[in-house]
Amino acid sequence: MLAIAAAGFAAAPATARAEIKPDTADLVYGRADAPVTIVEYAALTCPHCAQFHSEVLPELKKRYIDTGAVKLVFRDFPFEGLGLRAHMLARCAGPERRVGFMDVLFKQQKAWTGAGDPIKALQQVAKIGGIGEADFQACMTSKPVEEAVLKNRMEGEQKDNVKSTPTLFVNGQRFTGDRTVEGFAKILDPLLKDWKAKSG
């Protein structure tokens with residue numbers, strides 16, 4: 001676990017102490033003015049979410065997000081206390097490093113969720129990412145960070161009727177196709193036809 005996790009934190013060696021500036025906003029991949037918006041409700045303890053982030057999102061980014069056509073808004077939707085703590089840890093990494101922490105937590109999901117002491121395993125991931133014990137404990141007891149995560153969860157349940165993860169919406173419509181790049185292409189390409197023509 002540790003060797004792979006460390007590789008995900010190449011920019012933040014374990015010897016460096018990261019300054020904790022929690023990110024309480026939505027995490028957005030892509031340009032703010034992208035013509036199509038995907039909203040994803042996901043849990044860091046959800047295997048299907050980990051599969052989506054590891055196997056599908058990289059190609060979606062390459063084809064649609066990095067080109068300015070699509071932005072993806074990630075919304076926390078933890079199901080239990082461990083998931084809540086994982087989402088809090090990712091937010092405590094700060095805006096610039098949150099994606100890196102999420103990538104590691106998804107890729108290492110089986111290792112830390114299956115550990116004898118999962119919270120201690122989370123603390124080890126934090127340490128490798130440059131977050132020391134005192135800052136980790138402060139993160140785990142931060143009410144603003146906890147409230148930011150739970151706000152996502154509550155809005156997902158109450159406004160979007162989310163019951164499972166990952167649940168995705170494309171321009172406000174629930175996505176019911178295959179969660180593959182090809183499945184998304186069937187929905188995205190028609191929506192982007194005019195944009196592609198204008199952008200040449």
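**View 1. The salt bridge between D189 and K196.** D189 pairs with K196 in a salt bridge, a term used here for a side-chain nitrogen of Lys or Arg within 4 Å of a carboxyl oxygen of Asp or Glu, and the closest N and O atoms of this pair are 3.7 Å apart. D189 counts as partly exposed at 31% relative accessibility, and K196 likewise counts as partly exposed at 39%, where buried means under 20% relative accessible area, exposed over 50% and partly exposed in between (1.4 Å probe, protein chains only). The model is predicted, so local features need pLDDT of at least 70 and side-chain atom pairs count only at pLDDT 80 or more, while totals for chains, interfaces and linings use all residues. Residues are numbered from 1 along each chain as its sequence is written, and side-chain values use heavy atoms, with hydrogens and water left out.

**View 2. The salt bridge between R91 and D76.** The side chains of R91 and D76 meet at 2.6 Å, N to O, in a salt bridge. This pair links distant parts of the chain, with R91 in helix α3 (residues 81-92) and D76 in strand β3 (residues 70-76), 15 residues apart; helices (H or I, at least four residues) and strands (E, at least two) are DSSP runs, numbered from the N terminus. Both R91 and D76 are buried.

**View 3. The salt bridge between R98 and D76.** D76 also meets the side chain of R98 in a salt bridge, at 3.9 Å, N to O. Because R98 lies in helix α4 (residues 98-107) and D76 in strand β3, the pair ties together parts that are 22 residues apart in sequence. R98 is buried, with a relative accessible area of 0%, and D76 is buried at 1%.
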